[in-house]
Structure formats: structure tokens, C-alpha cells
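Me: I am new to this structure. Please take one part of it, the pairing of charged side chains, and go through that part closely.

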Amino acid sequence: FYLLNDKIVKKLFTNGSKASEEFLYLIISTVLKIPKEKLKRDFKLLHPEIGLNDKNINSEADLVFENENYYISLEINYNNYKSLIGKNFSYVCILYLRDIKNKKNYKNLKEIYSINIDGFDYFGRNEFIYESELIENKLLLKRNLGIHYIDINLEYLQKLGYNDIINKEEIEKACYIFVCQNEEILDRIYGDSYMSEFKKEAEKLSSELDEMFYYDKEKLDQEIAFNNGLTRGKKEGIEKGIKEGLKEGKIAGAKEKSLEIAKNMLEQKINIDLIEKSTGLSKEEIENIR
């Protein structure tokens with residue numbers, strides 16, 4: 001998913017272009033089941049730092065929009081990490097508290113939609129869009145708190161070829177840009193629609209990000225190999241030193257023990273030849289002890 005990068009998507013959806021606006025409102029209108037034109041009248045972008053105070057950790061969302069009736073949190077999720085899912089839930093909680101703070105009572109609270117563009121199939125059921133709410137487990141009755149989770153499953157789109165996607169809904173065709181890098185196929189799907197312009201904007205942003213992180217692969221490989229060699233050499237040197245130190249320590253300890261034994265044997269008037277055989281010391285060393 002070469003476009004599934006929060007930096008790229010943030011810029012794509014907030015650059016003010018007609019194409020970006022159309023795609024963004026397509027996503028929101030599909031989720032809310034409200035015509036795009038109605039949404040465009042009053043939605044505004046909030047600052048991504050949505051925390052109420054400095055005690056709110058992980059409170060910088062990807063994209064958050066609001067109008068008189070809704071909060072929309074749009075998140076880009078490349079991998080299915082538990083910490084990431086928890087962080088996304090924290091945004092919903094913060095938005096809920098934010099709304100309560102601005103109301104005199106708990107009536108007329110805004111509906112909160114957490115829209116996740118996922119690079120994985122969250123529920124593993126091969127659905128393109130999953131809609132989740134709090135429900136009673138047995139009777140499957142909704143608990144009307146106005147909190148909604150929407151997961152857009154890009155893994156589903158990965159399995160579709162041109163002949164499949166061309167007959168899908170507009171939202172599926174639009175999101176296909178996240179999984180397809182074949183320009184010819186995308187051009188055939190989008191024609192001269194707003195998505196054709198969006199594709200150009202996406203390619204430009206992706207290219208700029210690549211250039212930002214450009215590196216000379218051959219040079220980098222050489223540096224890695226050199227550093228690994230130094231590390232390995234240092235490690236091997238340390239290991240060799242330890243082994244030699246242990247060996248020398250053992251030898252020194254054995255020698256000291258032999259000298260002590262020789263001394264005891266001399267005190268008992270034992271023959272030097274026998275002491276030599278028993279301790280491994282030379283006659284000269286034994287004479288020195290004597």
C-alpha cells in the first residue's frame with residue numbers, strides 16, 4: 001500500500017483541491033449515508049491535537065472533521081496493532097468528552113464516526129466495509145450512544161482485478177487507488193473523473209516522500225557491511241580475550257596449586273623425581289622451592 005501513509009493521506013485530503021475534497025466527501029457521505037452536496041455546506045477540519053488538556057496522551061489524530069451534528073475521525077491504519085486500535089478508541093473518547101464539555105446536558109450530543117482505512121481485514125470476513133456499534137450480546141440491540149466504527153478493508157480490494165472493480169460502487173473504485181499501482185488500469189477506471197486528478201496529486205506526494213528518504217542503496221549496503229564487520233570483529237576480539245583470559249587464569253591457578261603441593265612434599269622429605277612427576281614442575285623450580 002504505497003499510499004497508505006498518514007503523512008501522504010493527510011496532505012491529500014487537506015490540500016484544498018477539488019479532487020481531494022470530492023474523494024473525502026465520497027468516503028464520509030458513504031459512511032453517513034448522506035448526499036455529498038449536503039455535507040459540503042458545513043463540515044470543517046479540526047486541529048489534529050484534539051485533547052482537552054495536557055493529560056490527554058495520544059490525542060493527535062490523523063484527520064478530524066466536524067459540523068453541527070457529527071464528529072468524523074479519519075485514521076490510516078497500516079497494521080493491526082492492539083496499541084493502534086486502542087489509540088483510535090481514545091480519539092473517540094476524547095471527542096465524546098469534548099462534546100459534553102460544550103453542552104449544558106447530555107442531550108443533543110454529536111454522532112461520532114471513527115472511519116478507519118485499514119491495510120488489513122479487521123474481522124477476517126472479506127467485507128469491504130464493516131460497521132460497528134455497541135450492542136447487547138444476546139438480543140443484538142443497539143446501545144444508542146452515537147458512537148460508530150467504520151473499517152474500510154483495503155485487503156478486500158487487493159483481491160480484485162480490473163474486470164471485478166469496474167463493476168463496483170464508486171467508493172470501491174476510488175479506494176482502489178490505495179492498492180493498485182498500475183497506471184494503465186487506474187486510467188481506465190477513472191477516465192477523466194476527479195479521481196484522475198487525485199491520482200496525479202497522490203503520485204506527486206508519494207514521489208516527494210520517496211525523494212525525502214532517498215538513499216544510495218549500494219553505499220548504504222557497504223556501510224552496513226562495514227559496521228557489521230567492525231561489530232563482529234569487536235565481538236570476536238572480546239570473546240577471544242575472554243577465552244584467553246580464562247585459559248591463563250586456569251594455568252596460573254594450576255601452577256600455584258602445583259607449587260603448593262611441591263612445597264608440602266618437600267617438607268615430607270619426598271624424592272624430587274617423584275615430586276617432578278606428581279606436579280609437572282621442573283627440577284629447577286622444585287629446587288627453588290626448597
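Reply: **Salt bridges and their surroundings**

E287 counts as partly exposed because its relative accessibility is 42%, and the class runs between buried, under 20% relative accessible area, and exposed, over 50% (1.4 Å probe, protein chains only). The model is predicted, so local features need pLDDT of at least 70 and side-chain atom pairs count only at pLDDT 80 or more, while totals for chains, interfaces and linings use all residues. Residues are numbered from 1 along each chain as its sequence is written, and side-chain values use heavy atoms, with hydrogens and water left out.

Side chains of opposite charge can pair when their charged atoms come close. A salt bridge here is a side-chain nitrogen of Lys or Arg within 4 Å of a carboxyl oxygen of Asp or Glu. That rule gives a count of 10 salt bridges.

One of them joins the side chains of E287 and R290, at 3.3 Å from N to O. R290 is exposed, since its relative accessible area is 59%.

Another salt bridge joins E66 and K44, with 3.7 Å from N to O. This pair links distant parts of the chain, 22 residues apart: E66 is in strand β2 (residues 63-66) and K44 in strand β1 (residues 44-45). Strands (E, at least two residues) and helices (H or I, at least four) are DSSP runs, numbered from the N terminus. E66 counts as buried because its relative accessibility is 10%, whereas K44, at 47%, counts as partly exposed.

E170 and K36 also meet in a salt bridge, at 3.8 Å from N to O. These two residues are 134 apart and link distant parts of the chain, with E170 in helix α7 (residues 170-175) and K36 in helix α3 (residues 36-40). E170 has 40% relative accessibility and therefore counts as partly exposed. K36 is buried, because its relative accessible area is 18%.

K36 also belongs to a network of salt bridges that links K18, E22, K36 and E170. The K36 side chain makes a polar contact with the E22 side chain at 3.1 Å. A polar contact is a pair of N or O atoms within 3.5 Å; within protein, one must be able to donate a hydrogen and the other to accept it, and residues adjacent in sequence count only if both atoms are side-chain atoms. Leaving aside neighbours within four places in sequence, K36 is in contact (heavy atoms within 4.5 Å) with E22, Y25, L26, S29, E170 and Y194.
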